[in-house]
There are 4 protein chains.
Amino acid sequence: MSKYIHIQQEAFEANMQLPKLNLVLFTFGNVSAADRSLGVFAIKPSGVPYEELSPEKMVIVDFDGKTVEGNLRPSSDTLTHAVLYKHWEKINGIVHTHSTYATAWAQSLRDIPLYGTTHADHLTSDVPCAAPMSDEMIKGDYEYETGFQIINALKEKNLSYTDVEMILVGNHAPFTWAKTAAKAVYNSAVLEQLAKMAFITESVHANVLRMKDALINKHFERKHGPNSYYGQE
Amino acid sequence: MSKYIHIQQEAFEANMQLPKLNLVLFTFGNVSAADRSLGVFAIKPSGVPYEELSPEKMVIVDFDGKTVEGNLRPSSDTLTHAVLYKHWEKINGIVHTHSTYATAWAQSLRDIPLYGTTHADHLTSDVPCAAPMSDEMIKGDYEYETGFQIINALKEKNLSYTDVEMILVGNHAPFTWAKTAAKAVYNSAVLEQLAKMAFITESVHANVLRMKDALINKHFERKHGPNSYYGQE
Amino acid sequence: MSKYIHIQQEAFEANMQLPKLNLVLFTFGNVSAADRSLGVFAIKPSGVPYEELSPEKMVIVDFDGKTVEGNLRPSSDTLTHAVLYKHWEKINGIVHTHSTYATAWAQSLRDIPLYGTTHADHLTSDVPCAAPMSDEMIKGDYEYETGFQIINALKEKNLSYTDVEMILVGNHAPFTWAKTAAKAVYNSAVLEQLAKMAFITESVHANVLRMKDALINKHFERKHGPNSYYGQE
Amino acid sequence: MSKYIHIQQEAFEANMQLPKLNLVLFTFGNVSAADRSLGVFAIKPSGVPYEELSPEKMVIVDFDGKTVEGNLRPSSDTLTHAVLYKHWEKINGIVHTHSTYATAWAQSLRDIPLYGTTHADHLTSDVPCAAPMSDEMIKGDYEYETGFQIINALKEKNLSYTDVEMILVGNHAPFTWAKTAAKAVYNSAVLEQLAKMAFITESVHANVLRMKDALINKHFERKHGPNSYYGQE
C-alpha cells in the first residue's frame, strides 16, 4: 500500500463530491489534497471519468509539479495546484471546476458583488475575478502562470488567501482552496450558489447596491470571528 | 425519553423536508416546532448536516432563547425564533432558509409583487421585504433584533402575521411560519416558487402590472375564506 | 368495482405523471379523463397529495359539474373542466398545472411567440393567453366562467381547440387538453418547455422575430398533416 | 443476428445517453452511428420513447437515406444524417436534440460567442448558427436540404467540420457530430453547457467581449494540438 494512501483517499472522496454537488460536467474539474510533512499532494488523473476513479488512481505530485508516484498523467491543471501549495503554506486542499454560474461570472470578467449574508458568512469582500493573463504568460508555462495570476490578483486587491478562499480566473473558471480538500469542495459549492443568487439579484434589481459593512462584519464574525457561535465547536 | 420528544420529532421531520424540497445547501436552514403548553420549542442544532440529524439532537429552548434541554448548541438563529414565538401567540412552527430565488429577492431589497393566482392562493399582499437593520441593532443582539425587525416590518406594512406567513429579511434571506412546523416548511417552498416565477415574469415583461384585486380576493377566499372549497375539510 | 374504473385508472396515471415531469409543486395541478358514452369524467380529488392518490379516489363528475360518484370533494377547478368537456366534443382529457415557466408567462399576460420548430411541431400559432376575467365574472361562478374565458379567448383569436390544445389563463396558469388524458399531460410538458425556451430566446436576443410561415407549416405538417411522417403510425 | 448489430448497439447506447444527460424531452432527439465499410448507419426509429428502445429497433439506412434493414420507420431527420455522412467522410456519429439552451440560441438566430476556456477547449470559433432555409428549400425535400444548409453554413464561415463538430440550425435546434456516436453525444452535452453559460454571461455583463485569441489557441491546443496534454493518451 502506498504511503500516500491517506491523501489519495482524501482526494478521491473530495473529487467524488463534485458530480454529487452538480459542480462538474464530464471531467471538467479536479481536486487535490496535500500532506505538507511529505511535501506532496494527491490529484485527480487527467480526463478520467469520475465513475472510473479510485483512491489508487490519484497521482502523487510534489510542490514543483513533478510526479512522485502513479502511472496515470495528473490533471492538466496540476502546475496551478503546485504553485498555490508552494506559496500558500496554510492550505491543504484545492478545487478547480467549470461550475455553471461561477464560470459565467468568470467569463464576464466581473467580481461577484457581496449582496447578502450568504456571501458574508464566507468572505467579507466581493469574490475576486483575476484578469486574463498577458499573451506572453499564456504562451509560456500556462498552468504555472495561472497559479501566479491567482496569487497576484489577491495581492493587488489586498486580500489574504486565508480570508478569501475562492477566486474566478477571468475567461476561465473558479478555483477554491482551504485547509482540507473537503472544505475546498464546500467552498466551490458555496461559490456556485453565490454566483447564481447574484445573477438573479441583479436581474430582479438592475441597480442593486452591495450590502452595508456592519452587516458584512456581523455575519462573518458570527461564523469565523474569535467569538463565533455557528456550529458545534 | 424526553418529555419533549413530540416536538423534537416534529422539528426533525420538518427539518428533513428542507433538503428534499431543494430549499437548502449544506446546513443553510433550520426549522423549529413549539409546544405552547410547555412554553418551549425544539430547534435544529447549529451546523449539523441534515444526514446526521435525529429527533434526539433537536435542542429544546424556551421563548426567551434559553436552552432547556440538549447537549448541542442550538441554531445560531435561535433568538429570532424565540422572539417570534414570544410575540406571535398563534404560531407553532418557524422556518429559515437561504433558498435561491427568495434569497436573491431579499438581496435586491424588493417586495415580491403579487403577479398571479399561485401567489394569491397564499397571501393577498406582496411578499414583504424587511429593510436591513440599523447599524446599532446589528452591533447589538443581532438575532434577537432580527426578530423585532420582522415583527416591525409587518406592523409598518399593516400586515397580520396570521394572514402573511412569510417575509424576506433584506440582504439576508426568508423566514416563514405557521400553526405547525410542517405548514411553515410548505410556506417556504411556496415562497421559493413565487420568487422564481416573479423573476421570470419580470424578465418576460419588464413593465408587468400586479394582478387586480378582484382576482386576488377570489383566489385567497377559495382556499382560506369562510366558504373555502379547496381541499377535503 | 366501479363502472368508471377505466377512466379512474386513466386519470390516476395521468395525474401521477405531473410530479414525474416536474410540472407541479405539492398539489398545484389536476388531470381529468372523460368517457363520452357515459357522459362523465374522472378527476383528481381536491388538495390530496399525489403520493396518497389511487384510482379509486378519482371523483366521477358529469359535464355539468355534478359529482356522480366518490366520497372526496373533486378538484376546485372541476367546473372549468366540465365546461370544456361540454363545449368541446372531441376532447377526453384536460390538465391544469401551475408549472413554473408557463405560469410566469401567464402572469406576464403575454402570448408565447412562436420562435422555433419545437413550437411549430405542436401548434402553428403563438400559445394564446386569455385576458383576465371581468370583475363580474370573477365574483360570479369563477371556475365555471374560467371555462368560458378559455373558450372565448380561442374564438376571438380564430383558433380551433383541435389545432391549439393549450392556453395560458392570464394572471393564473396554463390549461391543456387532448383526445386522451395522457396526451393532455404531454401537451403540458411541451408547453412548459416552449415557455422556458422562449424566455431564454428573448433574453439572448431582445428583438428576436417570430419564425417564418414556411417553416411553421412544414414542421406542423410533418407531424400532423395528412402526409405526416413522424412516428410509427 | 444482424450483421449491423455493432452499430445498432452503438446507436442504442448513444441514444440512451440523451435522457440521462437531460438533453431531450420525450422523443425530441436522435443519434445515429455509421459503419463506413458497410456504407450504412443505424438510427433511432421515429417517435419511439427511449424506455422502449433496444439495439434491434435501430433502423439501418444507407448514405442516400434508403432503409436497408428494419421494420420501423427511421427518425424523421434521417435524410439530414444521410447527407452529412455522405459529404463528411470522417464522421461516424451524428446527434440531433432540442436541448433547452442550445435550442433557445438557435431560435435567436445568433452564433454562441466564445466567452471562455470551456468553449475554447472544444472549438476555436463561435458556435455557428445556420440561417433558416429559403422557402423553396423548405417546401422541397426539407430534411435533405437541412443537411446542405448545415454543410453550406460551415463553408460560408470558413469552418471545417473536423474542427467544429456542432452547429445550431436557425429557428430549429442543434446538430453535433464526431468520429463516434458517443463523442457526438458528448459534443451535444458540451454545446448545451456552453449555451447556458453564454446566456448567463451576457445577462451578468451586457457588453461582454469575446475571449482573446492567445487564450483560445492555448486551450484548444492543450486538448487537441499535436502536443496536447489533456487525458491519458
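Is D:Asp126 buried or exposed? D:Asp126 is buried, as its relative accessible area is 17%; buried means under 20% relative accessible area, exposed means over 50%, and partly exposed is in between (1.4 Å probe, protein chains only).

A quick note before the views: this is a predicted model, in which local features need pLDDT of at least 70, side-chain atom pairs count only at pLDDT 80 or more, and totals for chains, interfaces and linings use all residues. Residues are numbered from 1 along each chain as its sequence is written, chains are lettered from A and ligands numbered from 1 in the order in which they are written, and side-chain values use heavy atoms, leaving out hydrogens and water.

**View 1. Chain A as a whole.**
Start with chain A, which has eight helices and eight strands. Helices (H or I, at least four residues) and strands (E, at least two) are DSSP runs, numbered from the N terminus. The C-alpha atoms fill a box of roughly 55 × 45 × 30 Å along the principal axes. For 233 residues, a compact globule would have a radius of gyration near 17 Å, and chain A agrees with its 17 Å; this radius is taken over C-alpha atoms, and the globule rule is 2.2 Å times the number of residues to the power 0.38. Of the 233 residues of chain A, 62% count as buried. Look at the contacts (heavy atoms within 4.5 Å): among those in chain A with a separation of 6 or more, 63% come from residues 24 or more positions apart.

**View 2. The sheet of chain C.**
Here eight strands make an open sheet in the order 4-3-2-1-5-8-7-6, with mixed pairing. Two strands count as paired if DSSP finds at least two bridges between them. At the edges sit strand 4 (67-69) and strand 6 (129-130) of chain C, each pairing on one side only. Strand 5 (residues 93-97) and strand 8 (residues 174-178) of chain C run antiparallel and are joined by four bridges. Zoom in on that pair and you'll find C:Ile94 opposite C:Trp177 of strand 8.

**View 3. Helices against the sheet of chain C.**
Helix 1 (residues 5-20) of chain C packs on the sheet and touches strand 1 (29-35), strand 2 (40-43), strand 3 (59-62), strand 4 and strand 5 of chain C, with its direction at about 155° to that of strand 1. Helix 7 (residues 181-204) of chain C lies across strand 1, strand 5, strand 7 (166-169) and strand 8, at about 140° to strand 8. For these angles, axes are lines fitted to C-alpha atoms, for helices over the stretch in contact, and the angles run from 0 to 180 degrees between N-to-C directions.

Side chains of opposite charge can pair when their charged atoms come close. A salt bridge here is a side-chain nitrogen of Lys or Arg within 4 Å of a carboxyl oxygen of Asp or Glu, and the count over all chains is 32. One of them joins D:Asp64 and D:Lys86 at 2.3 Å, N to O. D:Asp64 lies in the loop between strand 3 (59-62) and strand 4 (67-69) of chain D and D:Lys86 in helix 2 (residues 78-87), so the pair ties together parts 22 residues apart in sequence. D:Asp64 counts as exposed at 51% relative accessibility, while D:Lys86 is partly exposed at 45%.

D:Glu202 and D:Arg110 meet at 2.9 Å, N to O, in a salt bridge. D:Glu202 is in helix 7 (residues 181-204) of chain D and D:Arg110 in the loop between helix 3 (100-108) and helix 4 (117-120), so this pair links parts 92 residues apart in sequence. D:Glu202 is buried at 15% relative accessible area, and D:Arg110 is partly exposed at 23%. Our opening residue, D:Asp126, forms a salt bridge with D:Arg210, the closest N and O atoms being 2.5 Å apart.

**View 4. Chains B and C around an axis.**
Chain B can be laid on chain C by a turn of 90° and a shift of 0.0 Å along the axis, with an RMSD of 0.0 Å. That is the relation of a four-fold axis. Copies are superposed by least squares on the C-alpha atoms of residues with pLDDT of at least 70 in both. In chain B, B:Ser203 has the C-alpha nearest the axis, 5.4 Å from it.
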